[in-house]
Amino acid sequence: MLIVDSDGLLVERRLRAGELPCPSCGAVLAPWGHGRAREIRGDLGSRLFVRPRRSRCTGCQVTHVLLPEVVWPRRMDAAEVIGSGLEIAAIGMGHRQIAAGLGLAEGTVRSWLRRFRRRSEDVRRYFTVALVAVADDPVMPEAGPSALADAVSAVAAAHQAATTKWSHMLTVSRWEFAGRAIGGRILTSSSIAS
């Protein structure tokens, strides 16, 4: 699985031009069908329909799903929806209130928060390093009331630094940016390489 731009035409063009490298071996990815169509819950009750492109490495022959940055692996909600829930939790609101505000099941939001809390130190560390690498004069976020809040602040600061350096990043939400930066592993148990 590889997180790519949400612009399907751009991804298709890059895939056909041999501009997408295999995350496993670095060889060129080639088109290889499509994944299963999925319905994703967007913000304000909207529905997104995603049919991810599949690719196959010309070197190691491994197949990869090219997942648009607007969604994260194994999630029915858009990255922006999940990120909004994480931001609300960072200011101290509980999963029941967040779920009610977002119009989602309590168990769904509780699951996001539990997973993110387990990963929060890794996420904070990764995006703090990214902030230092991207910003000319990095301003470190102040310590928050929880590790979850610190991780959310680090994502926001790194995204802000990226938008300052590269204007095209203004069209990418901070949670799409975060998911793409770490391969969608915001809520998974796999490791985050710095």
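Glu-176 lies in helix α6; helices are DSSP runs (H or I) of at least four residues and strands (E) of at least two, numbered from the N terminus. This is a predicted model, in which local features need pLDDT of at least 70 and side-chain atom pairs count only at pLDDT 80 or more, while totals for chains, interfaces and linings use all residues. Residues are numbered from 1 along each chain as its sequence is written, and side-chain values use heavy atoms, with hydrogens and water left out.

Leaving aside neighbours within four places in sequence, Glu-176 is in contact (heavy atoms within 4.5 Å) with Glu-69, Val-70 and Ala-79.

Nonpolar side chains tend to be buried together in soluble globular proteins. A nonpolar core here is a set of buried Ala, Val, Leu, Ile, Met, Phe, Trp, Tyr and Cys residues joined through side-chain atoms within 4.5 Å, where buried means under 20% relative accessible area (1.4 Å probe, protein chains only). The largest such core has 44 residues, and Phe-127 is among those with the most contacts inside it. Helices α2, α3, α4, α5 and α6 each give two or more residues to this core, and α5 gives the most, with 10. A second, separate core of nine residues includes Val-4 and Cys-57.

Four strands form an open sheet of mixed pairing, in the order β1-β6-β5-β2. β1 and β2 stand at the edges with a single partner strand each, so one side of each is left without a neighbour in the sheet. Strands β5 and β6 pair in the antiparallel sense over four bridges; pairing requires at least two DSSP bridges. Arg-56 has Thr-63 in β6 as its bridge partner.

Conventions:
Buried < 20%, exposed > 50% of the residue type's maximum accessible area, 1.4 Å probe, protein only.
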